[in-house]
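These are my notebook entries on a handful of local features that I looked up in one chain.

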Amino acid sequence: MGGTEHLDIRREGATLVLTLNRPQAKNALSLPMLVGLHDGWVEADADDSIRSIVFTGAGGTFCAGMDLKALAGKGIEGEHYRERLDADPDLHWKAMLRHHRPRKPVIAAVEGYCVAGGTEMLQGTDIRVAGESATFGLFEVRRGLFPIGGSTVRLQRQIPRTHALEMLLTGRPYTAREAAGIGLIGHVVPDGTALDKALEIAELVNACGPLAVEAVKASVYETAELTESEGLAAELKRGWPIFDTADAKEGARAFAEKRPPDYQRH
């Protein structure tokens, strides 16, 4: 199990927990953090005993965006990871979920600031929980910058376009309640409990057939931009083989025997 000085990786049963850990800088993205994130997503994909991922931040903050100095490797905190970025110039986009989609469900647990690059990474997650005092927003235009982490493409596909454009063009902050109201997040919980709620949701995911879960997630994203007839055809191609898996047989047996299923990865 990997991790870096700015990214903690730990296991909670079948859930891999990735924690941004640079609270003194409001978990601003650094090169060590991006390397750790990249490695965490790779580990989750490679290990079949991992069935879900929880993505969170330490110190009561999710992420306040990019630390450009650290990303450039000019500071002591990032210099020893420079060779990783040189070897894979796309590493930072994979880490931020712009150019990589984990095959396991990713559940975001947000406390405090989740702005700029934080809100951009959030759009790469599947299920989202936030504490009541969390703050969201894409502040780039206020600084004369462009939200190049994918927001001009993804946001309008995840929330109504009028809300996406308001968030993108005003650069204003949004409360957790506002974010839930426009559909950016799914749960608002008392401050300090977002991680607990995310782990609770992860346990529900972990109790399901892992092959079915991965196939369902893949189908949702694969069919998002297809016509209905194309999407239904793609769904059938993706979903029908699941019925012939050991997971499906175990699920049927467990139902008949009125017991929890014991899914073993095949």
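I counted a salt bridge wherever a side-chain nitrogen of Lys or Arg lies within 4 Å of a carboxyl oxygen of Asp or Glu. I note at the outset that the model is predicted.

**Entry 1: arginine 238 and its partner.** I applied the criterion to arginine 238 and found that its side chain meets that of glutamate 222 in a salt bridge, with an N to O distance of 2.0 Å. The pair links distant parts of the chain, since arginine 238 belongs to helix α11 and glutamate 222 to helix α10 (residues 210–222), 16 residues apart. I recorded helix α11 as residues 228–239. I then asked which residues arginine 238 touches, not counting those up to four places away in sequence. They are Ala215, Ala218, Ser219 and Glu222. For alanine 218, 20 residues from arginine 238 along the chain, I noted a C-alpha separation of 8.2 Å. I classed arginine 238 as partly exposed because its relative accessible area is 33%, and glutamate 222 as partly exposed because its value is 38%.

**Entry 2: other salt bridges.** How many salt bridges does the rule give? The count comes to 18. I looked up two further pairs. Glutamate 12 forms a salt bridge with arginine 10, and the closest N and O atoms are 2.4 Å apart. In the second pair, lysine 197 bridges to glutamate 200, with 3.3 Å between the closest N and O atoms. Lysine 197 and glutamate 200 are three residues apart in helix α9 (residues 194–206), so about one helical turn separates them. Lysine 197 counts as partly exposed at 21% relative accessibility, and glutamate 200 counts as partly exposed at 44%.

**Entry 3: glutamate 250.** Setting aside neighbours within four places in sequence, I listed Arg259, Pro261, Asp262 and Tyr263 as the contacts of glutamate 250. I also found a network of salt bridges that links Glu250, Arg253, Glu257 and Arg259.

**Entry 4: a nonpolar patch.** I searched the surface for nonpolar side chains and noted a patch of about 430 Å² made by Leu236, Trp240 and Phe243. Tryptophan 240 sits in the loop between α11 and α12. I classed tryptophan 240 as exposed because its relative accessible area is 59%.

**Entry 5: a three-stranded sheet.** In what order do the strands of the open sheet lie? I read the order as β5-β7-β8, with mixed pairing. The edge strands, each pairing on one side only, are β5 (113–115) and β8 (174–175). Strand β7 (residues 135–137) and β8 run antiparallel and are joined by two bridges. Across from tyrosine 174 in β8 I found phenylalanine 136.

How values were computed
Residues numbered from 1 in each chain as written. Predicted model: local features only at pLDDT ≥ 70, side-chain atom pairs only at ≥ 80, totals over all residues. Heavy atoms only, no water. Helix = DSSP H or I, 4+ residues; strand = E, 2+ residues; numbered from the N terminus. Buried < 20%, exposed > 50% of the residue type's maximum accessible area, 1.4 Å probe, protein only. Contact = heavy atoms within 4.5 Å. Patch = residues over 30% accessible without salt bridge, like charges linked within 9 Å, V, L, I, M, F, W, Y side chains within 5 Å. Areas by Shrake-Rupley, 256 points an atom, 1.4 Å probe, with all protein chains shown as cover. Pairing = 2+ DSSP bridges.
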